[in-house]
Structure formats: structure tokens, C-alpha cells
Amino acid sequence: MIGKHHKDDWVHNWRSSVAVKISGAVLYAIVLIGFIVALFVLHNAEDQLKERYLADADRIAYKALLLTAEGNSENVMMHLNPSIKEAGFVGAEIICCSTNALWGNRTGEAIERTLPQASTRETRPIHLMLYHPPVQETVTGLRNRFFLMTAIATLVFGFFLTWVILRFISRPVQELVSATRQAATGDFSVRLNSTREDELGQLSRFFDRMIGEIQREFQERQQAEEALRHTHNFVRTTLDSMSDGISVIDAHNFKIIGVNAAFLEEYGISEAEALGKTCYEVTHHRPDQCQPPNDVCPVYLSLQSGEHASTEHLHSNNDGSITVAEISVSPIKNEDGIVVQLVHISRDITKRKADEEKMRIYADELHEANEEMKNFTSIVSHDLKAPLVSINGFSHELADTLQDLRELLGQLTISDEQKKRLDECNRDLHESVNFIAASVTRMDGLINSVLALSRAGRRELSPELIDMETMVQTILKSLGHQIESNKVCITVSELPPVTADRISIEQIIGNLVDNAIKFLDSSRPGHIEISSESSLFDNVYHVKDNGRGISEADCGKIFDLFQRAGIQDVAGEGMGLAYVKALVRRHGGRIWCKSIKGEGSTFSFSIPKEQKIEGMRKVTL
Amino acid sequence: LFLGGVLTVLLYLHLQIGLAIYIGWLVFEGLTNWRLPVLLAKLRGQDPAEVSCSREKRPRINFDTERALRFSIASFLALSVFALPEILWFFPWFMAIALMMAGITGICPMAMLFRKLGFK
């Protein structure tokens, strides 16, 4: 419901009220008509009054005549008194012979009547003087009272009429006006709740219904606006949070119609400066469009094809410097499929391009160094093997010669002292030759290992889907003799298949299991567990043993070339794990070790699930 | 309303001298524009234009309607009270009632007529 102050608004400017205006018009009409009537009625009031006084005077005179004829001349005045009063005379006087009777006073205007003497004794006439108020004053007073009463009656009627109009017309209309004003300020809770059955009641109910509809639509619009504002803020915040410069370009004239903060920062301009300018004015600082095919414009490409276009583009800065930008343009189409706007995403890749160039140079240098290293390894290994073969051959020749020499010396007759001395020399020579042979054998092994590692780094990998469980069983079968002789218990868990080079995986697992068997602790029964776990991107395989274990300091070294840890009571060159590491890396995986000395070790390696055949890394040692 | 009330009292009491003064007062106001509302507004420190009845933006006659109204009332009163009282005996009362009604309702046919004629 509307407030009381709204209902009484008309009081503050009541002259503007329709009720007052209607009442005024009506009253003017009434007054006018009243005055016209009064004009007709009162215009000859003086004459009428005069005639009435005269007529009354004649009537009283006649009555006096009758009284005197009846002989009541002495009491004439007493008998005439009521009639005189009734006629409005203020005084009367009868002059008859010697008698003179006066009633009232002699003020005002006088009317004289002469009556014949009815008595035979008296011949003189009787004079009757009747005094009445001045006609002019009487009429004026009458008119004044009439008009005053008319004025008062008009005012009273006017107030009544105004009240009626206010009560039944103006106030409901005023309530409607107040409610409309309240609604216009946004307060749609206002309701008239009229119970009237007339037209204004219907209007009020229609108003209530209309306001209800407006309120509902307003609330829906507010909610929609709020959602829109939220979405706008979200989009704006998201766009401004992006590091890529984004602008929206009008497809008709290439003018920028929207930008994000990164775009403004990238080109060092304000939003007001950017909006309305063409994309080439802002990004190239030139008045002309890019001219394909020499200057490939992604905006032009996207506009022509109606599809997404992406390219690298050179942009000019305010200071004249050139930046390399990675541009991605996506078209925005209307309902008819016509491109109307383009979303232009630019990323400054100048630094990245410079870094890429540096990396390319480094990669070339590295590649060159690798090639040199490969050749060096191959050449050195080959060249070292040749003298080693000679040393090996000549050491055997020396051993044979020494044997012949020992037989010849045995035929000679020498003293015991000389014989003893000869035996010592013979033994020293034999030991030296054996030492040379052992060293040659060891060096040959090392060179072979280096050559094998070098070949492994260059060998082409052939990825295929491998059933790991079957492969592990095959490997364990090949190591059956060692497993049985060392009484090792091997547990194999469920292993997921993997796409990789079969030979490499065989060598990796074979090496790790072989190492686990070799380095078991003889004081307790050996136990080896092969297990795996799978993540989103790769499979990880574990080879866990309860062997000697490796100290924490050695864990990082054992994958390096010729590095061995712990007691050196097992033959080997320290090449196995380096070889394994190289193979794992070529598959894009990694290998690591967790170990506690005296308790055992766990070697783990990962192989990516998705193997790119072309992308397999060539690791060269 | 004030003018109408005073005129009503004077007419009812039939004060000819008072009516003469009343007519003189109206003529004075019409000549000087020192009307009571204007003087009161000045005393209150208000802008006299705020109490002006002028609504005509471009008046054809550069003379206030209120002043013309006073001249006309004075003329009609003088004519009806002193010159032709026998014929126009009703007119002073008509003017008195009309003035009171104009004061109450804000509708003054005479003022409307003057504005129509081009007074400001």
C-alpha cells in the first residue's frame, strides 16, 4: 500500500488539484447563473418595495376608515397596530380633529393617506401618516444579505463539491499517481489493493497487475543483468589475466573493437588509443594493410578462409623496434555464416625465437661434438684393439719362448745357487707374462664394452608392443643356471605391456636381474621381486632385491661409465648400468635406484606409454 | 482571496469611503506593482518572480497580468459603485465573490483573459 504522505500530496499544491479546478468551474457557473437570476429578480426591488408599502398603506388606511366609521376612532391606533407592524412600518400617526395618535417614531420615509370623516359632527378629514425605512437602504441591505448568503452558500457548496470530487475521483487518481511515482523510482512493491467496483477500482486492479508484471520482469532483468555482469566480469578478468594480447577486430574495416590488458601492455597504448584504430595501425604503425603473399597476414587468411589461422608475424613497436609475434586468429561468424569479427591473439615470441636460435646453435654444436665423440670412440676403440692384439699375441709368444727357454736352461749344468736364481727369474717372468695377458684381456673387455655401448647408442630402435610378463619369463629362463646355483626366489607381479624396442628392454631387464643375482647377500636367501606400476603417461618397472645394498653416496654414481660400488668381488667393468641408462633414455624414460646398504636395492625405470618412433632419442656416449 | 475578502466586507458594510480607498489601493498596486505578495516576498528575501503569476514565455504586451487585473477591478468597481450604481448594482458583489473564488481555486477568468490577450 502507498504511504499516507502520498495521499495528501494534493494539499501542498491544492490549486493544481483537478477537484479544485472542477469545483471552481462549477462554482463560477453557479455564481454566474445566480447573479443572472438575482439580476432579474432584484433589479426592480425598490419599486416592488415601494408598491408594497403603498399597498399596505392603502389597506391600513381603509381599515382605519372602517374603524372610525364604526365609532372606534379613539382606539383606531390600537386596532391598527398589528397590521402596521406586519407591513414593516416603523411608525404611524393618526391626526383626527383634536386627537393625534402616534405609534413608533417618525423616522424614514412617510406615506400619507387622507381619510374622509365618517362622523357627521366632524367634517375635517383624518390624516394617516405611515413611516417605513428608506427603500434604498432596505433594498441595499436585502441585496447585501442575499449576496453574502450566496457567497457563503457557494463556498460551502464548493467545499462540499471539492470534497466529493476528492473523495471519489481525485484521491484514487492521486493514489494512482503516487503509486506510479513510487514505481518510477524503482519500488515495485507498491500496490493499491482497491476494493472499489467502479472504473477507478478496475484501473487500480489493472495497475496492480501491471506493476506485478513489471516487478517480475524487472527482477528477471536484474537477475539477467547480474548474471551478465558476472559473466562480463569473469570474461574480462579472464581475458585480462591472460598473458597473450587479445583483440577483437571488425571484419569490415579491420578496426579494433575490444582489447585485453596484455594487448595494451604489449603495444604500450591505452584502451582509448587502441579502440577505433585499425589492427595494422596499432601493430605495425603503418597506414596500409599487410600485403600477402610477401607479408602473410593471419587476419587476412582467416577472413579469406573463414577458418582459424595461425602464423608468425613481425610487428613494429612505438620505438621502431621489431618484435616477432605468434598470431592466432579465429573468425566470429553471424547467423548467416559470414565473418563479422575476428579474435586476434598475439604472443610476443621475440625472446623465445632468440632462445630457439641459441638452442639451435647449441644443438648443432652438440651434434657436431657428438659426431666427433662417436668417431673418436670408434676410432680409439678400433685403434686400441690393434696394438692390444699385438700385445696379446706377443705376450703369448713370450710365454711360449719363456717355456722353451726354461726347458733349455733345465738342460744346463749350473750351480744350485745359479739354479735358484734362475728359478726366481723364471717365476718373475712367468708372473709378468700372466699379468700382461690378464691386463690385455681386461683391456680388451673394456674396449669391447665401449664399442658395444657406442653401437647401442647408434642402433635404430624398433618399437613394438611387448608382453612384458612373457619377456621377463624368457629372461629368467635364460638366467636359470645362475638362479638355481644361487638359490634365488624370484617373484614376478602383473606387468603391463609396453611399446618399446624389444632388444633394448630385454637388455635392460636382463642387466638389472643379472646384477641383482650377482650382488646378493650370501648370508641370507636371495629374493628378487619384479613389479610395476602404471601412471597416466608411463609404466614404471621395479627390480627389487634383498642383496648387499648400495650406500646413498654411490647410488648416484653407479649409472656412470666404469663406476662400481661396494666390494669388487664380482667380475665386471662397470658398464652394465651405464648401458641400461643409455637404453632407457633412448626410450624417453628415466632410471633411478633406491637402496639401503645391507638391506637391498630397488632399481626402477620408466617407459613412456606413447612411443614416437621417429622421435626416439639417439643417445650417444 | 484577500482582495475578495476585503471587498466583501466593504460591500456588506456599505462603506463607500472604504470602497474608494480600496479602489485607490488597487490603482496604486497597478501603477507601482508594489503588490502585497511581491512586498512580502521581498521582505522574506525571496525572488519576486517566484510569486508572479506570469506563465507566458513570450508575452505580446509587456505588462503584468496582475497589474492589469488590478486596473480592471478598480475601473469596474468605480464604474459600478460610483458611476452607475443603479444599473450595475450587482457587479461589485460579483467581483468580490469572483475574487474570493479565484483566490481559493486559482482560477481567475479575468486573468486568463488577460493572458490570452498577451499580457505577461
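## A tour of chains A and B

Start by selecting Ser601(A) and Ser595(A): a polar contact of 2.7 Å joins their side chains. (A polar contact is a pair of N or O atoms within 3.5 Å; within protein, one must be able to donate a hydrogen and the other to accept it, and residues adjacent in sequence count only if both atoms are side-chain atoms.) You're looking at a predicted model, where local features need pLDDT of at least 70 and side-chain atom pairs count only at pLDDT 80 or more, while totals for chains, interfaces and linings use all residues. To find your way, residues are numbered from 1 along each chain as its sequence is written, chains are lettered from A and ligands numbered from 1 in the order in which they are written, and side-chain values use heavy atoms, with hydrogens and water left out.

**Stop 1: around Ser601(A)**

Keep Ser601(A) selected and color strand S16 of chain A, residues 600–608, which holds this serine. (Helices, H or I with at least four residues, and strands, E with at least two, are DSSP runs numbered from the N terminus.) Is Ser601(A) buried or exposed? Ser601(A) is buried, since its relative accessible area is 3%. (Contact means heavy atoms within 4.5 Å.)

**Stop 2: Asp514(A)**

Next, pick Asp514(A) in helix H16 of chain A, residues 502–518. Asp514(A) also counts as buried, because its relative accessibility is 15%. Leave out the neighbours within four places in sequence, and Asp514(A) is in contact with Leu479(A) and Gln482(A).

**Stop 3: salt bridges**

How many salt bridges does a search of the whole structure find? Over all chains, there are 24. (A salt bridge is a side-chain nitrogen of Lys or Arg within 4 Å of a carboxyl oxygen of Asp or Glu.)

Select Asp58(A) and Arg113(A), whose side chains form a salt bridge with N to O at 2.4 Å. Asp58(A) sits in helix H4 (residues 45–69) and Arg113(A) in strand S3 (residues 109–115), both of chain A, so this pair ties together parts that are 55 residues apart in sequence. Asp58(A) is partly exposed, at 39% relative accessibility.

Then jump to Asp240(A) and Arg236(A), another salt bridge, at 3.2 Å from N to O. These two are 4 residues apart in helix H7 of chain A (residues 199–241), so about one helical turn separates them. Asp240(A) is partly exposed at 29% relative accessible area, and Arg236(A) is partly exposed at 27%.

Now select Glu356(A) and Arg352(A), a salt bridge whose closest N and O atoms are 3.4 Å apart. Glu356(A) and Arg352(A) are 4 residues apart in helix H12 of chain A (residues 350–411), about one helical turn. Glu356(A) is partly exposed at 35%, and Arg352(A) is partly exposed at 33%.

**Stop 4: chain B**

Chain B has 6 helices and 0 strands. Of its 120 residues, 44% are buried. Its accessible surface comes to about 6700 Å², with 68% belonging to carbon and sulfur atoms. (Accessible areas come from the Shrake-Rupley method with a 1.4 Å probe; for residues, only the protein chains shown count as cover.)

**Stop 5: where the chains meet**

Bring chain A back. Here 26 residues of chain A are in contact with 21 residues of chain B. Between them, the chains bury about 2100 Å², 78% of it on carbon and sulfur atoms. (Buried area is the accessible area, with a 1.4 Å probe, that two parts lose on being put together, summed over both.) Which three residues of chain A supply more of its buried area than any other three? Select Tyr28(A), Phe35(A) and Asn144(A), which supply 29% of the area that chain A buries against chain B.

Across this boundary there are 0 salt bridges and 5 residue pairs in polar contact, both residues at pLDDT 80 or more. On the chain A side, the elements giving two or more residues are helix H3 (18–42) and helix H6 (135–184). H3(A) gives the most, with 12 residues.

Finish on Asn144(A), in helix H6 of chain A. Asn144(A) counts as buried, at 7% relative accessibility. Not counting residues up to four places away in sequence, Asn144(A) touches Leu11(B), Tyr12(B), His14(B) and Trp93(B). Zoom in, and you'll find the side chain of Asn144(A) reaching the backbone oxygen of Leu11(B) at 3.1 Å.

Notes:
Buried means under 20% relative accessible area, exposed over 50%, partly exposed in between (1.4 Å probe, protein chains only).
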